[in-house]
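Work through the two exercises below with the sequence and the model in view. Each task is followed by a solution in steps.

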Amino acid sequence: MEGYDLIGDVHGCGATLAALLEKLGYHQRGGVYRHPRRKVIFLGDLIDRGPRIRLAVNIARRMVEEGEAQIVMGNHEYNALAYCHRLGDHGWLRPHTPRHNRIIMNTLEQYRDHPGEWDDVLAWFMQIPLFLDLGELRVVHACWDQPLIDALRHECPDACLDRAMLEASVDSDTLAFRALDRLTRGSHLPLPEGIEIHSGDGFTRKTFRTHFWARDPQFYGDVIFQPDNLPDDLELRPLSDAERQRLSYYGPEKPPLFIGHYWCEGIPALPAPNIACLDYSAVKYGRLVAYRWSGEQRLDANHFVWVSVPREEQARPQPWEIDFD
Ligand SMILES: [Mn+2]
């Protein structure tokens with residue numbers, strides 16, 4: 001075993017995932033991609049938004065089931081579980097609001113004619129761990145928060161959800177909520193009263209996404225981590241003590257950590273010497289990005305490998321997809 005290839009948020013770009021695996025030297029036989037000396041770790045968010053969601057899920061799931069890959073849960077897999085989980089006569093665990101409907105719309109459409117397969121996929125999502133700690137490297141979808149991970153390990157040693165935890169996770173007073181929110185969505189800070197961000201994806205946001213690798217952040221601009229800029233001169237607004245206490249911190253002495261989630265843009269770069277974010281907006285015609293890790297404790301930007309997502313993905317089936325339908 002030579003190392004791991006970590007792959008960022010696929011979001012239904014299934015044909016692009018196949019192309020990335022081929023580029024990394026994986027070959028598909030009998031519907032499973034394998035490499036003679038390497039394994040894959042998926043960072044979560046296989047589903048939603050993209051044109052080939054079933055293909056993306058099938059590729060990843062078959063690799064995981066054959067021992068060729070591991071995966072951590074993304075906020076979109078978690079959302080799907082809560083959205084599709086009935087609460088007796090009281091509706092759904094994740095309410096079917098217009099906003100929530102819109103997020104999962106493409107996934108439900110693409111599984112519409114395959115309801116049994118979708119149920120089976122949801123059962124598989126329940127088996128996906130919320131984080132991976134392999135000693136020499138760590139993986140989580142959005143944010144590694146050590147105190148929360150320690151608390152979670154205590155309650156569920158396999159780091160997976162169960163039914164009770166899923167049901168508890170919508171109540172903000174529970175550990176399940178705090179862990180799922182922080183690990184799969186990362187930390188946010190509320191914008192000052194009356195200020196909103198109109199984001200490129202059509203959503204309006206009253207919070208901004210913050211990162212967790214600034215040792216002693218002083219201003220909003222020291223912790224913002226998202227494609228949308230802060231309005232006005234909010235970058236220079238000082239963080240209050242209360243705001244600072246809500247942030248997580250992952251120091252440079254810790255093992256390499258791989259995350260997805262943050263819709264980065266442009267050429268992949270390392271935000272810290274021991275942290276790589278692999279979400280480069282594949283589904284917005286950005287890049288589907290992998291990091292080829294072979295044991296190094298200091299990461300190297302030359303080890304990113306990617307495919308750019310062509311605008312015609314939807315229209316062009318690839319020969320290697322034939323086994324998957
Ligand atoms: Mn995400």
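The largest cavity has a volume of about 40 Å³. A cavity is a set of points on a 1 Å grid over the protein atoms alone where a 1.4 Å probe fits but cannot get out; the volume is the space filled by probe spheres set on the points. This is a predicted model, in which local features need pLDDT of at least 70 and side-chain atom pairs count only at pLDDT 80 or more, while totals for chains, interfaces and linings use all residues. Residues are numbered from 1 along each chain as its sequence is written, and side-chain values use heavy atoms, with hydrogens and water left out.

**Exercise 1.** Find which elements give two or more residues to the lining of the largest cavity.

Solution.
- Step 1. Asp48, His76, Asn79, Ala80, Tyr83, Arg94, His100, Ile103 and Ile104 form the lining, where a lining residue has an atom within 4 Å of a point.
- Step 2. Helix 3 (75–83) and helix 4 (98–110) each give two or more of the lining residues. Helices are DSSP runs of H or I with at least four residues, and strands are runs of E with at least two.
- Step 3. Helix 3 gives the most, with four residues.

**Exercise 2.** Find which residues coordinate the manganese ion.

Solution.
- Step 1. Take as donors the N, O and S atoms within 2.8 Å of the metal (3.2 Å for Na, K and Ca).
- Step 2. Asp45 (OD), Asn75 (OD1), His141 (NE2) and His261 (ND1) coordinate the ion at 2.1 to 2.2 Å.
- Step 3. Their spacing in sequence is D-x29-N-x65-H-x119-H.
- Step 4. Asp45 lies in the loop between strand 4 (38–42) and helix 2 (53–65), and His141 in the loop between strand 7 (138–140) and helix 6 (146–155), so the pair ties together parts 96 residues apart in sequence.

Methods
On a 1 Å grid over the protein atoms alone, a cavity is a set of points where a 1.4 Å probe fits but cannot get out, and a pocket is an open set with protein on both sides within 12 Å along at least five of seven lines; lining residues have an atom within 4 Å of a point.
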